[in-house]
Amino acid sequence: MIEVRNVTKTYGKKSGAFVALDDVSFTIPDGASVAIVGKSGSGKSTLMHAMSGLDRPEKGEILVDGIDILKLKQKAVDTFRSQKIGFIFQAFFVQANETSFENVALPLEIGKYSASARKKRVLAALRVVGLSDKEKQKARNLSGGQKQRLAIARAIVNNPRIIFADEPTGNLDTATGATVEKLLFGLNKQGGSTLVIVTHDEELAAKCDIKIYIKDGKVEKIQKGKK
Amino acid sequence: MKTFDIIRRAGRSLGNAKVRTILTSLSIGVGAFTLTLAIAAGEGARQYANTLLTTNIDPQVLAIAKDPSFFQGGQTGPQEYDPNASLLQRAAGRTVVKQLTQADIDGIAARSDIESVSPSYTINAQYITRPGQKKYTADVTQYDAGVTQTVAGGALPALRTQIKDTEIALPEAYVNLLGFNSAADAIGKTVTIHLERNPSLTQEQIQTAVTQGAAALEQLAKPELKDAEYTIVAIVGKSATALSATSNVQVSDAQAKMLSEFSTIGTSSFQRYNIATASVKQGTDPATVKDALVKDKGYGVQTAKDLQGLLFTIVNVLQGIVFGFGILALITSVFGIINTQYISVLERTREIGLMKALGMRGRHVSRLFQFEAAWIGFLGGVIGSALAIGAGLLLNPWITSLLTLGDGNYLLIFQPIPIAILIIVLMIIAMIAGYLPARRAAKLDPIEALRTE
């Protein structure tokens, strides 16, 4: 369960201060698919950064499985991200000059898995996203859709509790976007991990269990249940 | 992240930027090249000096002086006044160097650990000649049985054996001067050494002579003459591995003593010696004898090893100069590494951001970049030392003939351990150079780094 309580994040000093998040509160149950919807500049990315421990809002609490990640030391936050969080980005951020295997292995290397455990998990993750045959290919030789599937394999390889996806289909055409969506929601239903999608795409948001609308750093409305 | 994985990842990142990696490595390679050559030349020079000493000098030999300052250039500050010191020594304006007396020599000879001792005799020979030839000046010394000499003609006895009392060894220069056709031609021929001595007269003798008239006075003032004849046993030549290409005419120990005493009898220099060479019995360490002599008698003593140390000091100074240039090249390459790594951090902002977002600790990111720098140092060290070894192996025969070092002697000697140490040191230097860029990478904010626009 993720509980966000009265989170406020301000950028800049007094006169030029900009409130990115203003007293944001909500709760996400385990295994849910959640869409954080808003226009660019609404604060939805800042919210994702705060929930994943990348950013530290100055006020409020973010409880993940009962632990306030805002009170953790840097080392513990790093460990939290390495063990419990998976990231998928709009621009994929796969290492072009590394092979698919090496890309997916990165979170496991950071998590200090042994070489044999890494191999097992990486191959399993590549199988899930359907890239088993691309194991030894350099990522630069993959298509956009394949790159995002590779990024998904990297996000799920360490079996995280929460997967954050920032505009996961934003750089893909409709057909490949649909494949990636299907993969993400399928994993969410089967794996039991919580899926948090940050998007401005209403169609994608409509497919999620919970939709949190953010406007000017505030929660505008929360919709539960699919249409 | 495990250290091994970081090292592997660092190597892989460098592999992805091959040209840049190799160019940066080459800059550190220049330093490695110079340093490897400096180390090799130093080692070669030391080995060469060692060869010189071991083939030339009996390791059992000690050089003994009355005064320890003799071996330190005489610079030990003012000395106690000694009425026995010769006027000449005092007039020279230098510190008076005390001399060994016959009693000192006898005392050393009486020691159970000394096989033989021979003082270095001062011989004031007027000239050397042979029938039908001109007269030439000559520095006559006693034959040194503790040093190997190269012969151009004839033969010398083995190390530690004296030449006979009737024999003489001449340097090559006298072959033509004394009218021989060749070195071989000179062997077995006879030469004469001429000495003169001014009589030391008593007041009484002079007074008597004055009363007897001018003829008696002239008779009295006439120098005493001595002509010693010797058979040439060897012509001493020059050699690459000979320590001192001697220009002295050499006679046996006993003859040298006789000739020396002829010209010094009645003077303050009689049986006074600056230095003596003693041969320590086989099986006894010369160093222990040295210590005993220094402790008991206060003599200045040098062993063959001390002489080696002296030569090594010279080698070390020369090596230090070449080393200095290598260090300069290294300092230059340090800035190259810093520059390259800064560019690398800038280029890989996204990658660093991603790694940090995925939970990689700042310390580990920093280590990743430092290990990359260490790899560059390693590559530079390997490239530089390999080139140096290659160049050294190619140039060695040429250097040997240019410096006439003698066959089988090489100036550049490469040894694995110093080169391995050099490479490790280069890696450490590269890591230190990579510190600032690595810290910058570690401090990178992942949110900033991953911003798409």
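## Ground rules

This is a predicted model, so local features need pLDDT of at least 70 and side-chain atom pairs count only at pLDDT 80 or more, while totals for chains, interfaces and linings use all residues. Residues are numbered from 1 along each chain as its sequence is written, with chains lettered from A and ligands numbered from 1 in the order in which they are written.

## Chain A overall

Chain A has seven helices and ten strands; helices (H or I, at least four residues) and strands (E, at least two) are DSSP runs, numbered from the N terminus. Its radius of gyration is 17 Å, which agrees with the value near 17 Å for a compact globule of 227 residues. That radius is taken over C-alpha atoms, and the globule rule is 2.2 Å times the number of residues to the power 0.38.

Buried residues account for 48% of the 227 in chain A. Here, buried is 20 or more other C-beta atoms within 10 Å of a residue's own, exposed is 12 or fewer, and partly exposed is in between, with C-beta atoms placed from the backbone.

## Where the chains touch

The contact draws 20 residues from chain A and 17 residues from chain B; two residues are in contact if their C-beta atoms, placed from the backbone, lie within 7 Å. On the chain B side, helix H12 (349-357) and helix H16 (446-449) each supply at least two residues. H12(B) gives the largest share, five residues.

By type, that side of chain B splits into nine nonpolar, three polar and five charged residues. Nonpolar covers Ala, Val, Leu, Ile, Met, Phe, Trp, Tyr, Cys and Pro; charged covers Asp, Glu, Lys and Arg; the others, Gly among them, are polar.

## A sheet in chain B

Four strands of chain B make an open antiparallel sheet, ordered S3-S12-S1-S13; strands pair if DSSP finds at least two bridges between them. At the edges sit strand S3 (114-119) and strand S13 (300-303) of chain B, each pairing on one side only.

Strand S1 (residues 61-65) and strand S12 (residues 275-280) of chain B run antiparallel and share five bridges. In one of the pairings, B:Leu62 has B:Ala278 in S12(B) as its bridge partner.

## Helix H7 of chain B

B:Gln205 belongs to helix H7 (residues 203-212) of chain B. It counts as exposed because it has 12 C-beta neighbours inside 10 Å. Of the ten residues of H7(B), the number buried is zero, so the helix lies largely in the open.
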